[in-house]
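Colleague: I am new to this structure. Please take one part and look at it closely, then tell me how it sits in the whole.

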Amino acid sequence: MTLIEMLVFIALSLALLAVGRFLSGRWGTAGWLVGVLPVGIFWTYVAYGIIRGTFLEVKHSLSPRPVCRQGRCKTRDYVLVSASSEKALFRCRCGDLYLSKANRFSQILPHNSLKPYMARDSSSPEWKADEEALS
Ligand SMILES: [Zn+2]
């Protein structure tokens with residue numbers, strides 16, 4: 001969410017609360033709920049999204065990454081570009097993009113195809129060349 005979107009949502013929330021306040025004069029508590037309920041649900045949803053996003057970033061940031069294909073970047077040199085629950089997109093310092101999914105680490109080539117790079121089994125933290133890349 002950008003700052004401007006945030007400001008718009010805050011303004012909308014305040015407007016809804018003003019409507020709720022106005023309606024409460026006529027309908028009492030029911031009038032308040034018209035304004036307060038959507039605002040409450042919306043901000044709960046926003047908070048959930050922020051917490052979930054932060055959690056995914058932390059989770060993917062903690063998982064180890066192999067040295068990049070150029071041999072220059074280590075785990076900490078990668079920048080997280082985007083993350084979902086099962087995969088994460090990283091960019092290393094050389095500018096190459098990598099997709100981390102399950103226990104595989106693949107390079108994303110300029111024309112958007114995936115090139116298998118490294119894999120590890122869940123029992124060990126060591127990265128090995130992905131079998132698919134060797135075959
Ligand atoms: Zn690199």
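Modeller: Of the 135 residues of the chain, 13% count as buried. Keep in mind that this is a predicted model. The part I pick is helix α1, residues 3-27. Of its 25 residues, the number buried is one, so α1 lies largely in the open. A residue counts as buried here if 20 or more other C-beta atoms lie within 10 Å of its own.

Next, its length. At 1.5 Å a residue, the 25 residues of α1 should span 36 Å. The end C-alpha atoms are 35 Å apart, which agrees. Just after α1 comes G28, with a positive phi of about 70°.

Now the setting. The chain has three helices and six strands. Along the sequence they follow the pattern α-α-β-β-β-β-β-β-α. The domain assignment gives domain 1 (3-61) and domain 2 (65-134). The centres of the two domains, taken over C-alpha atoms, are 38 Å apart. Four residues of domain 1 are in contact with six residues of domain 2. On the side of domain 1 that touches domain 2, the residues divide into one nonpolar, two polar and one charged.

Last, the whole chain. Its C-alpha trace spans about 75 × 30 × 25 Å along the principal axes. The radius of gyration is 23 Å, whereas a compact globule of 135 residues would have one near 14 Å. Among contacts with a separation of 6 or more, 19% come from residues 24 or more positions apart.

How values were computed
Residues are numbered from 1 along each chain as its sequence is written. This is a predicted model: local features need pLDDT of at least 70, side-chain atom pairs count only at pLDDT 80 or more; totals for chains, interfaces and linings use all residues. Helices (H or I, at least four residues) and strands (E, at least two) are DSSP runs, numbered from the N terminus. The radius of gyration is taken over C-alpha atoms; the globule rule is 2.2 Å times the number of residues to the power 0.38. A residue is buried if 20 or more other C-beta atoms lie within 10 Å of its own, exposed if 12 or fewer, and partly exposed in between; C-beta atoms are placed from the backbone. Two residues are in contact if their C-beta atoms, placed from the backbone, lie within 7 Å. The expected span of a helix is 1.5 Å times one less than its number of residues. Domain bounds come from an automatic or database domain assignment. Ala, Val, Leu, Ile, Met, Phe, Trp, Tyr, Cys and Pro count as nonpolar, Asp, Glu, Lys and Arg as charged, and the others, Gly among them, as polar.
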